[in-house]
Each structure stands twice: as structure tokens, then as C-alpha cells.
Amino acid sequence: MAIQEICTVAGCTGIAPGLFEMVLEAPGIAQAAKPGQFVHLACGEGNLLRRPISVCTAQGAALRLVFQVKGVGTEWLSARRAGDRIDVLGPLGHGFDLTATGDRPVLIGGGIGVPPMLYAMQAAKAAGAQPSAILGFRSRGMVILEDEFQAAGTAYIATDDGSYGVHGFVSDVLRDHIGEFTSVCACGPKPMLRALAQIAGEAGLPCQVSMEERMGCGIGACLVCACELKLKDGGEGVRYGHVCKDGPVFDAKEVVW
Ligand SMILES: Cc1cc2nc3c(=O)[nH]c(=O)nc-3n(C[C@H](O)[C@H](O)[C@H](O)COP(=O)(O)OP(=O)(O)OC[C@H]3O[C@@H](n4cnc5c(N)ncnc54)[C@H](O)[C@@H]3O)c2cc1C
Ligand code: FES
């Protein structure tokens with residue numbers, strides 16, 4: 001059940017070029033938030049539409065978000081300071097189903113898809129699993145949250161330019177280590193998710209993917225976030241789902257790639 005809270009900013013700091021970490025005092029939303037869910041933030045009076053940002057972690061009353069500055073909304077968010085107030089709706093959507101991931105899930109994030117996988121990793125560990133993470137970044141300077149992933153399990157890092165960790169893509173690392181895992185959960189750009197879903201499928205592993213679409217209402221009322229899904233009976237044709245309500249996390253087998 002989503003709630004609307006006027007949250008106080010506890011802090012907002014830059015953690016890499018163009019990337020910010022914001023901690024909000026959000027007692028109701030933080031307590032209810034599950035890994036893979038997102039919140040919808042009002043970004044000042046001039047911006048009519050809320051902006052969707054995934055939950056990075058939620059602990060007690062503290063809701064942590066990590067975001068990249070892209071346009072006016074995220075620019076506005078990055079300028080918030082401790083004590084400022086933000087109107088937040090959440091938690092929204094369906095997150096990762098960690099009851100279906102076995103005892104050695106691998107949580108995979110690419111770029112700004114990395115932050116939501118931290119909460120999933122911590123939750124998997126708390127549930128008694130031995131999670132691993134594969135995290136992909138452009139270069140060394142963009143690596144974030146590594147220590148916290150390492151604290152919750154094993155974390156493999158890949159960079160596009162080879163300046164840190166493995167030189168290559170998260171899909172290369174998954175292919176090399178696929179025998180170590182019981183399932184795959186992932187968040188990142190669609191081509192990355194498509195490649196991961198294919199590798200998991202070939203290995204017979206369950207795979208959940210967090211999809212991204214532009215959003216309007218965030219609660220299933222406006223159709224802006226429609227995405228194509230396969231028919232449930234496996235037949236020809238497509239059906240439409242709402243990323244905000246039916247997702248953002250989907251079984252990779254449902255997605256029309
Ligand atoms: C479920 C979900 C979770 C997300 N989680 C994160 C996260 O944890 N960290 C992060 O940095 N980003 C995340 N994003 C992307 C983030 O919502 C966009 O970067 C942000 O809305 C851009 O807003 P803007 O005003 O800065 O940019 P503008 O380009 O000025 O935005 C114009 C409009 O387009 C929409 N829009 C633009 N890009 C996107 C996008 N990629 N996805 C959805 N709507 C978009 C905006 O919401 C706004 O309504 C997430 C997106 C979704 C759908
Ligand atoms: S954003 Fe309005 S239906 Fe999903």
C-alpha cells in the first residue's frame with residue numbers, strides 16, 4: 001500500500017561525477033519498502049510530474065536513494081540540503097521475489113541500476129542465502145557502493161574501459177561464473193537485461209529483471225509506462241503491462257525482448 005509522506009532530507013551528497021546519494025526521513029515508506037520497489041518524488045513547484053527513483057536501502061526510518069542527474073527534476077533533487085522537505089509517494093510497484101531465488105542468487109546491476117541491487121543483496125543475506133553481486137560501471141571513477149556489497153557477500157566488479165575489476169560487461173562475468181548461482185536478479189539498461197536473460201535461460205536459471213519506462217502517475221492510472229509482455233498461455237501476440245504497477249520487476253520469461 002503506497003503512502004504519501006512529506007519527508008525531511010537528512011543529507012544529500014555527491015558520491016561520483018553526476019551521482020548523488022540522498023537520505024530521507026521517511027518512517028512509513030522506509031518500513032514498508034521491499035527490494036526492487038521505487039518511490040515517486042515531487043521535484044519542486046515547476047515540475048508537474050513526479051520522478052521515479054528506486055529504493056537503494058531502507059533501514060528504520062531512513063530511506064536511501066541514489067540518483068544520476070539527468071534533467072530538471074534530478075537537478076532539483078541534487079540541490080536539496082539537510083532539513084529540506086520533499087513530497088514522496090511510495091513504496092510503489094512489485095519488487096524482487098526473493099523467496100524464489102534459491103540459496104545462491106546473483107544480483108546484477110549496470111550503472112544506475114546498481115543501487116537497487118544493494119537492498120536486494122542485503123535482504124537475501126538476511127534471509128539466510130549466500131548472495132553474490134556483479135556490478136558494471138563505465139570506469140573506476142564511477143564505482144559506487146562496492147564496500148557495502150562486499151559486506152553482504154561476494155561482489156565482482158566490471159568496468160567498460162578495464163580501469164577497475166574485470167575489463168568487460170556484467171554479462172561476460174555472469175557467463176564465466178554461471179555455475180555458482182541458483183538464480184539471477186538484475187537492473188540496468190534493456191540490452192544488458194536481454195543478454196543476462198538469455199544466459200540465465202540457457203543455464204535453466206530463474207531470472208527477474210527490473211524494467212524502466214517513462215512514467216506519469218506511477219500508480220497504474222495513466223498508461224504512460226506500458227510495456228509489451230508475452231501472453232500468459234504462451235500463444236502468439238502480446239499483452240500490455242504497467243511497469244509502475246505490474247513491475248518494475250518482471251520474470252524475464254514474460255518480457256518481449
Ligand atoms: C522504476 C524506475 C526506477 C528508477 N530508479 C532510478 C534510480 O534509482 N536512480 C536514478 O538515477 N534513476 C532512476 N530512474 C530513472 C529516473 O526516473 C530518471 O532519470 C528521471 O525521472 C529523470 O528526470 P529528470 O527530470 O532529471 O530528467 P528529464 O529528462 O528532464 O525528465 C523529463 C521527464 O521524463 C521522465 N524521464 C526521463 N528519463 C526517464 C527514465 N529513464 N525513466 C523514467 N522516466 C524518465 C521524467 O520522470 C520526467 O517526467 C528510475 C526510473 C524508473 C522508471
Ligand atoms: S505511470 Fe501511469 S500507469 Fe504507469
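The shell around ligand 1 divides into 9 nonpolar, 5 polar and 5 charged residues. The model is predicted. In total, 19 residues surround ligand 1. Pro52, Gln68, Thr74, Glu212 and Arg214 are the closest of these.

Several secondary-structure elements contribute to this shell. Strand 4 (51–54), strand 6 (62–68) and helix 2 (72–78) each supply at least two residues. Strand 4 provides the largest share, with 4 residues.

At Gly71, a polar backbone atom is 2.8 Å from an oxygen atom of ligand 1. Arg214 is among the closest residues of the shell.

Helix 5 was examined separately. This helix spans residues 170–177, and its buried residues are Val170, Ser171, Val173 and Leu174. These four lie on the same side of helix 5 because they cover an arc of only 160 degrees around the axis. The cover over the buried residues of helix 5 includes both strands and a helix. The strands include strand 8 (105–110), strand 9 (132–137) and strand 10 (154–159). Strand 11 (166–167) and strand 12 (183–187) also take part in the cover. Helix 6 (190–203) contributes as well.

Conventions:
Residues are numbered from 1 along each chain as its sequence is written. Chains are lettered from A and ligands numbered from 1 in the order in which they are written. This is a predicted model: local features need pLDDT of at least 70, side-chain atom pairs count only at pLDDT 80 or more; totals for chains, interfaces and linings use all residues. Side-chain values use heavy atoms; hydrogens and water are left out. Buried means under 20% relative accessible area, exposed over 50%, partly exposed in between (1.4 Å probe, protein chains only). The arc is that of the directions from the helix axis to the C-beta atoms. Contact means heavy atoms within 4.5 Å. A residue is near a molecule or strand if one of its heavy atoms lies within 4 Å of it. A polar contact is a pair of N or O atoms within 3.5 Å; within protein, one must be able to donate a hydrogen and the other to accept it, and residues adjacent in sequence count only if both atoms are side-chain atoms. Ala, Val, Leu, Ile, Met, Phe, Trp, Tyr, Cys and Pro count as nonpolar, Asp, Glu, Lys and Arg as charged, and the others, Gly among them, as polar.
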